[in-house]
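This report covers ring contacts and the surroundings of the ligand. The sequence and structure come next.

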Amino acid sequence: MRYAGKVTVVTGGTKGIGEGCVRVFVREGSQVVFCARHAADGRKLAAELNQAGPGTATFMEADVSKVQDVKQLIEETVKKFGRIDCLINNAGWHPPHKPIDEFSVEEFRSLWELNVVSMFAACRFALPYLRKTRGNIINVSSLVGKMGQLHATTYVATKGAVTAFTKALAVDEAAHDVRVNSISPGNIYTPLWQEAIDAAPDPRKCRAEGDAAQLLGRMGTAEEAGLLCLYLAAEATFTTGVDHILSGGAELAYGRKTRK
Ligand SMILES: NC(=O)c1ccc[n+]([C@@H]2O[C@H](COP(=O)([O-])OP(=O)(O)OC[C@H]3O[C@@H](n4cnc5c(N)ncnc54)[C@H](O)[C@@H]3O)[C@@H](O)[C@H]2O)c1
């Protein structure tokens, strides 16, 4: 077991990449606390994983857009398990694609609260405990935070901020032996990706283009994202302030850029 006896907090752990992290960490012996807004999914996943072990899964209902919920998630975790070794800030959203003219300022603000402020708040509340365990933080950013993406100004801005914040926090927290890293997934097949497929005018074409965007010819899996996070938490002990691309080679080589 690669993370036995360690306590891990995962935000947004009922689906997709967060669920991948929860499954992998429990399988490697960690006591995992995860949150989401919908309690039914969370309780179901926790029951399944507690039966399988060897770690444990505890679900707490929380909307990370609400600072009070984030605070409670961290405090309840410490009350129940006495420590935190790893915080994975995963909860986030990619709104449907549209040009800047169709985004309101309010939409940008609310995405910023979800994708950036929630991460800041969770780090802020968890750090006093992470310093005691010399633990680590993993922020889920995105490849498009570096590359840009068509009709996704608000999302790309939030993920650029996640990567930059990660580096600045790593600089400060090194004094406490707390490592802070980010992962930047490219296309990982999750319910969020399926939403984009369903909303596309030609869903089959959308899925095929999603697969073809990678050198490896497929999207990544939530399990593969969980395994990268486990490596960062358990084994990458000399790694801090690094953004880890998980993309199947999507960003390499020239590709068609114009739509003409
Ligand atoms: N799937 C991809 O290709 C991809 C690529 C790059 C980055 N990401 C990032 O990875 C993270 C997870 O994406 P995903 O594709 O797994 O998404 P998803 O929609 O499949 O799952 C998101 C999870 O977060 C939870 N969540 C959403 N809003 C929440 C809130 N306000 N409070 C608490 N929980 C909330 C959901 O319940 C769910 O468990 C996001 O930050 C996303 O931006 C995803």
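The charged end of Arg207 is placed over the ring of Tyr189, 4.3 Å from the ring centre. Lys98 likewise lies over the face of Phe103, at 5.0 Å from the centre of that ring. A charge sits over a ring if NZ of Lys or CZ of Arg is within 6 Å of the ring centre and within 35 degrees of the ring normal.

The model is predicted: local features need pLDDT of at least 70, side-chain atom pairs count only at pLDDT 80 or more, and totals for chains, interfaces and linings use all residues. Residues are numbered from 1 along each chain as its sequence is written, and side-chain values use heavy atoms, with hydrogens and water left out.

Around the ligand there are 29 residues (a heavy atom within 4 Å); the closest are Thr14, Ile17, Asn90, Tyr155 and Thr190.

| Residue | Part of residue | Ligand atom | Distance |
|---|---|---|---|
| Tyr155 | side chain N or O | oxygen | 2.6 Å |
| Ile188 | backbone N or O | oxygen | 2.8 Å |
| Arg37 | polar side-chain atom | nitrogen | 3.4 Å |

On its own the ligand has 830 Å² of accessible area (Shrake-Rupley method, 1.4 Å probe), and the protein covers 95% of this. Helix α7 (191-199; helices are DSSP runs of H or I, at least four residues) gives the most to the shell around the ligand, with three residues.

Methods. A polar contact is a pair of N or O atoms within 3.5 Å; within protein, one must be able to donate a hydrogen and the other to accept it, and residues adjacent in sequence count only if both atoms are side-chain atoms. Helices (H or I, at least four residues) and strands (E, at least two) are DSSP runs, numbered from the N terminus.
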